[in-house]
Amino acid sequence: MRIPNPALRAIRVSAALTALAAVAALATGCGTSQADAGGGDDKQVTIRIPDPGNAGVLAVGKKDGSLDKALAKVHAKAEWTGSAGPFAPAAQAMNADQLDIATGSITSGITSLAQTPGFSFFTATAPDGAGEGILAKKGSGIDSVEDLVGKKVAVNQGGTGEYLLLKALADHHIPASKVERVYLRPDQTAAVFNSGKVDAWAVWSTYSVAELGTGKAEFIATGKEIGSDNYSLTAVRTAFADKHPEVVRALYAYLHAASAKEKADPAAYLNVNTDAGPQALSGAAKRTQIRITRQGGTVEPITDADIERFEAVARFYADQKVTRKTVDVAAHLLDVEKLS
């Protein structure tokens, strides 16, 4: 981690503890899950999914019961555990048989696959060209990628942020060594960014919307301008998919249909449980999220063309020394339409 002072080193320690806590929070017990315990075809299967919070298709599916209704057709139900967050701790939870489903980017997925993965990806959503990018404060003098030379940029290590920064620098023929990467968890970065301890922040819509909504920050380069191939993927614990492919297919069908509805009517998928408090969006931030969602993709099966782009990201990560070698992404992908 490239953090030059004790205050930021403390952030590193906090990040490690938070990641461990996230994995623990996802756990609902030890040992073999109910889903893998065997039994007859009439036994209800439980699929463990991180609690979706206050927005998105799963938040609506949890609140109105529509997801359980869809899963009931294949004798399954959702169990909400922990909370949605960074993919790395969720991947660890799947590897430890504490979680069955998680969502993350192909970039964070690659770094997790570089370990010993117990999960596979089965859906793909096109890169969020409007909601991800590199943020800088208005009036900071940072108006372009070239202006990042000699500056500090906050990124999440091995994930979307580091990818966006490295991709932008490579596309502008700027050596990565010319920009200092400050590795922070995204949920800890807003305070550091707003205090001026970093000059820019490579980030995605989960966190960029709030900053854009203040009117004090702007993208100096969006994901579209960077040429991002940062797909969003849904992962499933491989042992669960092997035992219950019909449940995975049913979940995919629900996510596919619901994501199309969300794109058509984004407002209906915001502030699902509450319109007040830190989880809620209002004003300019809400309008920004609606605009971004309307430009976004829908949940789809993984195609051969997608795989080529995933593999290109894996090669890029290896070239940039983010991973020690090129990760074999294709070995950990499922064709959800052929599961049987």
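Reading helix packing and aromatic pairs

Phe310 is buried, with a relative accessible area of 0%, where buried means under 20% relative accessible area, computed with a 1.4 Å probe on protein chains only.

Modeller: This is a predicted model, in which local features need pLDDT of at least 70 and side-chain atom pairs count only at pLDDT 80 or more, while totals for chains, interfaces and linings use all residues. Residues are numbered from 1 along each chain as its sequence is written, and side-chain values use heavy atoms, leaving out hydrogens and water.

Biologist: Which aromatic pair does Phe310 form?

Modeller: Rings of Phe, Tyr and Trp (its six-membered ring) pair if their centres lie within 6.5 Å, and planes under 30 degrees apart count as stacked, over 60 as edge-to-face and the rest as tilted. Here Tyr231 and Phe310 form an edge-to-face pair, 5.1 Å centre to centre with 85 degrees between the planes. Tyr231, at 5% relative accessibility, also counts as buried.

Biologist: How are two packed helices described?

Modeller: Two packed helices are described by the angle between their axes and the distance between the axes. The axes (lines fitted to C-alpha atoms over the stretch in contact, with angles from 0 to 180 degrees between N-to-C directions) of α4 (residues 87–95) and α5 (residues 106–113) come within 9 Å and cross at roughly 45 degrees. The two helices, which are DSSP runs of H or I with at least four residues, numbered from the N terminus, are therefore oblique to each other; angles under 35 degrees count as roughly parallel, over 145 as roughly antiparallel, 65 to 115 as roughly perpendicular and the rest as oblique.

Technical notes. Buried means under 20% relative accessible area, exposed over 50%, partly exposed in between (1.4 Å probe, protein chains only).
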